[in-house]
Amino acid sequence: MAEMSTQSDREARTLAVRALEGEFSDLIALFRRRITENANRVSPGMLPGAYKVFTTIARHEPVTQSALAEMLAVDKGQLSRTVRELADLDLIERTPDPTDGRSSLLSATAHGHQRLADARGPQEGALLEALSDWRVEDIENLAHLLHALVAGSRPDGRSLS
């Protein structure tokens with residue numbers, strides 16, 4: 001009997017994971033559209049990849065270009081061109097790294113922070129509206145569960161390995 005239960009548990013888990021994959025696929029498509037819209041609001045014609053670099057800098061500032069390349073798992077040459085483009089648009093700035101004279105720290109400029117806030121405004125309003133009937137605890141729980149999934153841990157904080 002235990003083997004039958006184990007088999008049905010496995011099948012139920014497989015179906016649940018497939019349903020979750022489908023929802024993630026739809027969510028990814030939605031976020032791709034939003035990122036493209038946000039990139040164009042920051043600077044008309046900005047590519048989604050450049051927007052991702054910019055938002056990562058803004059989230060982790062100050063950050064070295066090497067650390068940024070590692071975070072994003074991107075080609076250093078392409079990243080260098082993107083960083084130069086973002087600096088030319090006055091969205092980011094380079095300052096000398098006090099711990100390593102050979103590298104620079106990347107940060108968003110005041111103009112960059114303002115452009116990012118303006119670009120995100122419509123999206124944040126839509127998300128706030130979509131979640132307006134959700135309990136705050138449910139929103140926090142969803143954020144917690146997604147963080148655990150991304151971090152590779154269980155929702156109770158224990159490691160999966």
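On a 1 Å grid laid over the protein atoms alone, a pocket is an open set of points with protein on both sides within 12 Å along at least five of seven lines, where a cavity would be a set of points in which a 1.4 Å probe fits but cannot get out, and lining residues are those with an atom within 4 Å of a point. The structure to which this is applied is a predicted model, in which local features need pLDDT of at least 70 and side-chain atom pairs count only at pLDDT 80 or more, while totals for chains, interfaces and linings use all residues. Residues are numbered from 1 along each chain as its sequence is written, and side-chain values use heavy atoms, with hydrogens and water left out.

The protein chain holds 6 helices and 3 strands, where helices (H or I, at least four residues) and strands (E, at least two) are DSSP runs numbered from the N terminus. Read from the N terminus, the order of elements is α-α-β-α-α-β-β-α-α. The radius of gyration, taken over C-alpha atoms, is 20 Å, whereas a compact globule of 161 residues would come near 15 Å; the globule rule used here is 2.2 Å times the number of residues to the power 0.38. Along the principal axes, the C-alpha atoms fill a box of roughly 65 × 40 × 25 Å. Of the 161 residues, 22% count as buried, a term that means under 20% relative accessible area, with exposed meaning over 50% and partly exposed the range in between (1.4 Å probe, protein chains only). Among contacts (heavy atoms within 4.5 Å) between residues at least 6 apart in sequence, 45% join residues at least 24 apart.

The largest pocket contains about 1600 Å³ of space, a volume being the space filled by probe spheres set on grid points that are joined across faces, edges and corners. Its lining is made up of 38 residues, and those that lie nearest the centre are L27, F31, I35, Q123 and L146. Two or more lining residues come from each of helix 1 (2-42), helix 2 (48-60), helix 3 (65-72), helix 5 (110-130) and helix 6 (136-151), and helix 1 gives the most, with 13 residues. By class, this lining has 23 nonpolar, 7 polar and 8 charged residues, where Ala, Val, Leu, Ile, Met, Phe, Trp, Tyr, Cys and Pro count as nonpolar, Asp, Glu, Lys and Arg as charged, and the others, Gly among them, as polar.

The second largest pocket holds about 230 Å³ of space and is lined by 10 residues, of which L20, L145, A148, L149 and P155 lie nearest its centre. The elements that give two or more residues to this lining are helix 1 and helix 6, and the largest share, 5 residues, comes from helix 6. Its residues divide into 9 nonpolar, 1 polar and no charged.

At the end of helix 1 one can follow the chain from V42, which is found in that helix, to S43, which lies in the loop between helix 1 and helix 2. V42 counts as buried because its relative accessibility is 4%, and S43 is likewise buried, with a relative accessible area of 14%. Leaving aside neighbours within four places in sequence, V42 is in contact with Y51, F54, L91, R115, L116 and A119, while S43, under that exclusion, touches L89 and R115. The C-alpha atoms of V42 and D9, 33 residues apart along the chain, are separated by 47 Å.

The 3 strands form an open sheet of order 1-3-2 with antiparallel pairing, and its edge strands, each pairing on one side only, are strand 1 (63-64) and strand 2. Two strands are said to pair if DSSP finds at least two bridges between them, and 6 bridges join strand 2 (residues 92-97) to strand 3 (residues 100-108). A hairpin connects strand 2 to strand 3 through 2 residues. Within this pairing, R94 has L106 as its bridge partner in strand 3, and P96 has S104.

Most residues other than glycine have a negative phi, and most peptide bonds are trans. A cis peptide bond, with omega about -10°, joins E61 and P62, and P62 lies in the loop between helix 2 and strand 1. A73, in the loop between helix 3 and helix 4 (76-88), has a positive phi near 50° and counts as exposed because its relative accessibility is 68%. D90, in the loop between helix 4 and strand 2, has a positive phi near 60° and, at 41% relative accessibility, counts as partly exposed.
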